[in-house]
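Trainee: I have a new model to read. Can you walk me through it?

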Amino acid sequence: MMSKSPLSNLDNSNETPILENQEFRRVYKNLDQLILILLILVLPLFGMIYLYQSTGEINWDLPELPVVFGQILSGAGIGLLLAQDLLFRKKIKVVFDTDELLMKLKIYANATRERYFILFLVALICSAGLLFFGSAIYNVIFAVALFFFSVAKPTPERIKRLLKLNKEDAEIIRLASRPD
């Protein structure tokens, strides 16, 4: 089944309709900006807590929390890491129910947005866990979350592969991802 793309509606001047290009670009850029903002928020927070924990010289007089709370936090972090991947894969399957490229991109963007909010939550859980419990498990969970932050970042090639786009549609996504 061929997907309907803006390039199939071209006139003789071989230009993609401007409004459609802008919509693809808007969806892609908004997603990219969200991911960068989430990463910018979580990296310094975890970094400061990690440095605080590794030096051990600063005393914030934090309350002693029960060990079971730390186990719940680490379990939640691991569970959310697994859940974000499973939810993403499930939501991406809906893409194959439509032929319209813009709709496919929006479905992908929503699934990716949800994935990154979960990864952000995992990073916050790791920050809190490391702050209160100082366990190395939070470093490992955070490292896996960062792995997903980088590997799952939307790129034209990744979108093409996940959505199984033809060359024409992949080119539209590539053009939408280019800087202004």
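Predicted model: local features only at pLDDT ≥ 70, side-chain atom pairs only at ≥ 80, totals over all residues.

Trainee: How many helices and strands does the chain have?

Mentor: The chain has 6 helices and 0 strands. Along the sequence the pattern reads α-α-α-α-α-α.

Trainee: What share of the residues is buried?

Mentor: Of the 180 residues in the chain, 38% are buried. The chain exposes about 10,700 Å². Carbon and sulfur atoms supply 63% of that area.

Trainee: How do I read a pair of packed helices?

Mentor: Two packed helices are described by the angle between their axes and the distance between the axes. Take helix H3 (residues 101-133) and helix H5 (residues 156-163): their axes come within 12 Å and cross at roughly 110 degrees. That angle makes H3 roughly perpendicular to H5.

Trainee: Which residues of H3 and H5 meet?

Mentor: From H3, Lys104, Leu105, Tyr108 and Arg115. From H5, Arg158, Ile159, Leu162 and Leu163. This contact of H3 with H5 has 5 nonpolar, no polar and 3 charged residues.

Trainee: At what angle do H5 and H6 pack?

Mentor: H5 and helix H6 (residues 167-177) pack at about 150 degrees, with axes 9 Å apart. H5 and H6 are therefore roughly antiparallel to each other. Their crossing is right-handed.

Trainee: Which residues make the contact of H5 and H6?

Mentor: H5 brings Pro156, Ile159 and Lys160. H6 brings Ala170, Ile173, Arg174 and Ser177. The contact of H5 with H6 divides into 4 nonpolar, 1 polar and 2 charged residues. Look at Ile159 of H5: it meets H3 and also takes part in the contact with H6.

Technical notes. Residues numbered from 1 in each chain as written. Heavy atoms only, no water. Axes fitted to C-alpha atoms, helices over the stretch in contact; angles between N-to-C directions. Helix = DSSP H or I, 4+ residues; strand = E, 2+ residues; numbered from the N terminus. Parallel < 35°, antiparallel > 145°, perpendicular 65-115°, else oblique. Contact = heavy atoms within 4.5 Å. Nonpolar A, V, L, I, M, F, W, Y, C, P; charged D, E, K, R; others polar. Buried < 20%, exposed > 50% of the residue type's maximum accessible area, 1.4 Å probe, protein only. Areas by Shrake-Rupley, 256 points an atom, 1.4 Å probe, with all protein chains shown as cover. Left-handed = near helix turned anticlockwise from the far one by under 90°.
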